[in-house]
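Here is a short walk through a predicted model. It goes from a strand to its partners, then to the aromatic rings.

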Amino acid sequence: MCPDIVSDKPEDCPKCGMPLEQVPPLPFGPMVYTCPMHPEIEREEPGDCPICGMALEPKMARGASDEHLQGEIHELSRKFRIGLALTLPVFLLAMLPMIPGIPLAGWIPKGVSKWIEFALTTPVVLWAGGFFFVKGWRSLKGWNLNMFTLIAMGVGAAYLYSVVAVFLPEMFPPSFRHHGEVSLYFEAAAVITVLVLLGQLLEAKARSRTGQAIRELLGLAAKSATRIADDGSEQEVAIDSLRVGDRLRVRPGEKIPLDGTITQGASHIDESMITGEPIPVKKSAGDAVVGATINQSGSFVMTVGKVGADTLLAQIVRMVAKAQRSRAPIQKFADTVAAWFVPAVLVAAVITFAVWALWGPEPAIALSLINAVAVLIIACPCALGLATPVSIMVGVGRAAREGILVKDAEAIETTEKIDTLVVDKTGTLTVGKASVTGFQTIAGVDADMVLAAAAALEKHSEHPLARAIVAHASESDLTLPAATDFQSTTGGGIEGTVENHSWKIGKQNFVGAPDATLIDSAKQEQSDAKTIVWVARDGEPIAFFAISDPMKESAPAAVARLHSLGLRIVMATGDNETTAQAVGRALGIDEIHAGLSPADKIELIQGLKSAGRRVAMAGDGINDAPALAAANVGIAMGTGTDVAIESAHLTLVKGDLSGIARAIGTSRAVMRNIRQNLFFAFIYNAAGIPIAAGALYPLTGTLLNPMIAAAAMSLSSVSVIANALRLRKLKLE
């Protein structure tokens, strides 16, 4: 009843006496605003960036639209419409006398016309464009010179010059007069203001579209759920009220509310929003389900396992938002240029004014002012500043729609340059769901006893091969004995004590030298691309499991596609040489390294990097995490462990190798787009400043009107944004 009362302890409200209720934490934390061009700037409230003057945006989109950005768009739209309505008469009053045959002076005397222009221009400049001067003044106070510095100086100079000419024309010497009158530039100040407002409006609308990927992801979440109470009754509740451990009923056609586990029933679930795979996946009791996926055919009961920021959807949204705000190394170049650019433009404007004032034709001072204003306006570096961050924001959002999660902008730039891909075998080239297809012991040893002991130890391991052995024992309806003293040796295997015997399970060099008969049988299994797991009791190898992990159906086509992109593919696996070679030959892998420990994989990657290769590593297990971090680009298969995903630069939510080709395609498209934007911005400014300064006047006798300069400046920003937004339509094979 009293939402203003907040406490970190369970107590009664000091106002109304009611017990305080626990408030569920916000899924994404408190609202924080940041600058799209300077993400190091963070504020708890919306405002302007102290460096570039742009409006701050929320770091995380929260819903269908961001209220502050929509408010900004509405306000800019209102100022633009009113400003345009007031500017049109000013423009006509200034331009019509230049058209032969229109006796405007006979209708509206010059003495009246100038007061009308003043009356109409003043609200345009001071109200509609007033925030230009506020931002320009802030930039001067903090010496963070930016586009608003130039706009404020250009518009302010034209407006103040005209105001003085209206109120105190006698102050101007004859050199300022044209046909006996001091020239007015109200129309330039008003039109420039309106055109810059239009550019700001279009930019704001474009920025709202760059957040569309996050809003689409948020829109996937379920809004309510059917909770089952302890007495068996069911009630529809809001998602925010759910807690870990709650039991939910999910009916056919409903979205799965949150991440959890099916406890009763079965169904086919459409997980395409997470994996991109259109074929529904069969799920039954014990299987994990992901929030926001769609239940299709059956009804089931699930237990909530994750809520709020811990859900997969929330993690994806957070990762996308963080990557969109990150900075690519190429942006440092643009930032360096922009830091010197505005002071250089101010110097260019001063030189332009001086040259025209000293050597220009009459009215020299008036022409020097106009050309200096044109230089200030056309050189605004907004297109340069927008070139990189807008492309990054759109590109990261486009990648997310393809199931490619980008850790930061640097990963996009680095991915473009990779020429070598190192892949693990299990879970990357193969499905990672291994099954025991062969089991052999030495003569005189009870197979069920060995299987039960092995499964008792493997229960403590997270490895896919361990799960296959445990599943095989479960299918055999064996009772598993207790296991103690469990230890795991990375890259070797596991060991422990079962029924007073010491056991080792793992690679051959870990368990010891097996019997020759067992070795011959194992080699036969390995020739069929099966993995051998050895079992030793009290130091004597007595059995082996032959485990098959079929290749992913998409693997052959994905490898062929990666080859077509110019990549050399290297397999780095802890499996044995025979199995690795069988898989590698079937897929056309260029280079195969088997029997590697995690340290060996790091050494392999470092060796490739030392040879001048730009290396990407794809893997999904805990043992892959160090290698993922060591590579130029680490690519985690989303079906893998959290540790691997955290260590990677890119995550493929679907866990499919073909996603790597799409990630490379996205990276190359984004970087190509950034270079196009930077080229447009540099060429525009390089050509625009000399023209605005009057470089063409000796040849053509024409000057660049500040109004045209303002239109060109706004058009350059819009063109950069429009080019970046093309990435939303990017087609990836």
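**A strand and its rings**

Five of the five residues of strand E25 (residues 615-619) are buried, so the rest of the structure largely encloses this strand. Buried means under 20% relative accessible area, exposed over 50%, and partly exposed in between (1.4 Å probe, protein chains only). Strands (E, at least two residues) and helices (H or I, at least four) are DSSP runs numbered from the N terminus. Val615, Met617 and Gly619 point one way from E25, Ala616 and Ala618 the other.

The model is predicted: local features need pLDDT of at least 70, side-chain atom pairs count only at pLDDT 80 or more, and totals for chains, interfaces and linings use all residues. Residues are numbered from 1 along each chain as its sequence is written, and side-chain values use heavy atoms, without hydrogens and water.

E25 has parallel partners. Strands pair if DSSP finds at least two bridges between them. Strand E16 (residues 420-423) pairs with E25 over four bridges, and Val423 stands opposite Ala618. Four bridges also join E25 to strand E26 (residues 633-637). There, Ala616 stands opposite Val633.

Now the rings. The structure holds nine aromatic pairs. Rings of Phe, Tyr and Trp (its six-membered ring) pair if their centres lie within 6.5 Å; planes under 30 degrees apart count as stacked, over 60 as edge-to-face, the rest as tilted. Trp356 and Tyr697 are edge-to-face, 5.2 Å centre to centre with 70° between the planes. Trp356 lies in helix H10 (residues 329-359) and Tyr697 in helix H24 (residues 697-700), so the pair ties together parts 341 residues apart in sequence.
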